[in-house]
Amino acid sequence: MKIAIFGASGSTGLRLIEQAIERGYSVTAFVRDSKRITIHHDHLTILEGSVFNTHEVELAIQGQDAVIVALGANSSSPADICAKATLNIVNGMKKHQVKRIIVLTGFGTSPASRRQLGCVMRIVVKTISLLMYREFTDKEKQDEVVRQSGLIWTIVQPPKLTDGPKKGEFKHGSFQPSMLAQISRSDVATFMLDEVEHSRYLNQSTYLHN
């Protein structure tokens, strides 16, 4: 299996690299700063570039079996960085006929997923969206880019992420999450790689927590 990981130097991205290599995958890690990746392996190729550079993104995508997007944003990031980068990735995938994409977004960051929530959780998500308006809006736009891509997609929506150990047991699918729900980044990485192999949620979003 050959996969490209965007956002590979982030906290979840690094765990994706480690676990993908453990599974025997050939991994292309696309990063802005290669120094942030200290993992070295024969099955790992590190490409340094910008997610806004079409040519550099396409180099990472060409010849892959699947693409994983684990991009993050904060208050100092450029506006709509995740949405714009994901659109660039989607266009590169279409050009090189790579169909499978798994994208990490955020809890409740789409109207489709919010319809699964009860009244209390909708209020919670609304509050979070107001407190983190810039980042939340970016993730909403990213979600829409993926849903409209025409690719074979899965959107993964975890609650609070932790740096805890991999448990290997988590709940996923359509359900009412708890306000206290959380999951380790290692378990998120496990789920995303499992999804590459088993494709349980084709053209669907899924909640995920321990």
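Modeller: The backbone nitrogen of Tyr201 lies 2.7 Å from a polar atom of the side chain of Glu195, and the side chain of Glu195 also reaches the backbone nitrogen of Arg200 at 2.7 Å.

Biologist: What makes the pair formed by Tyr201 and Glu195 a polar contact?

Modeller: The term requires N or O atoms within 3.5 Å, one able to donate a hydrogen and the other to accept it, with residues adjacent in sequence counted only if both atoms are side-chain atoms; the 2.7 Å between Tyr201 and Glu195 therefore falls within that limit. The model is predicted, so local features need pLDDT of at least 70 and side-chain atom pairs 80 or more, whereas totals for chains, interfaces and linings use all residues. Residues are numbered from 1 along each chain as its sequence is written, and side-chain values use heavy atoms, leaving out hydrogens and water.

Biologist: Why is Glu195 called buried?

Modeller: Glu195 has 0% relative accessibility, and buried means under 20% (1.4 Å probe, protein chains only), so Glu195 counts as buried. Of the 210 residues of the protein, 52% count as buried.

Biologist: Which residues does Glu195 touch, leaving aside those up to four places away in sequence?

Modeller: With contact meaning heavy atoms within 4.5 Å, Glu195 touches Arg100, Ile102, Thr154, Arg200, Tyr201 and Leu202.

Biologist: Why do β2 and β3 count as paired?

Modeller: Pairing needs at least two DSSP bridges, and five join β2 (residues 26-31) to β3, the two running parallel, so β2 and β3 qualify. Phe30 stands opposite Leu47 in β3.

How values were computed
Buried means under 20% relative accessible area, exposed over 50%, partly exposed in between (1.4 Å probe, protein chains only). Helices (H or I, at least four residues) and strands (E, at least two) are DSSP runs, numbered from the N terminus.
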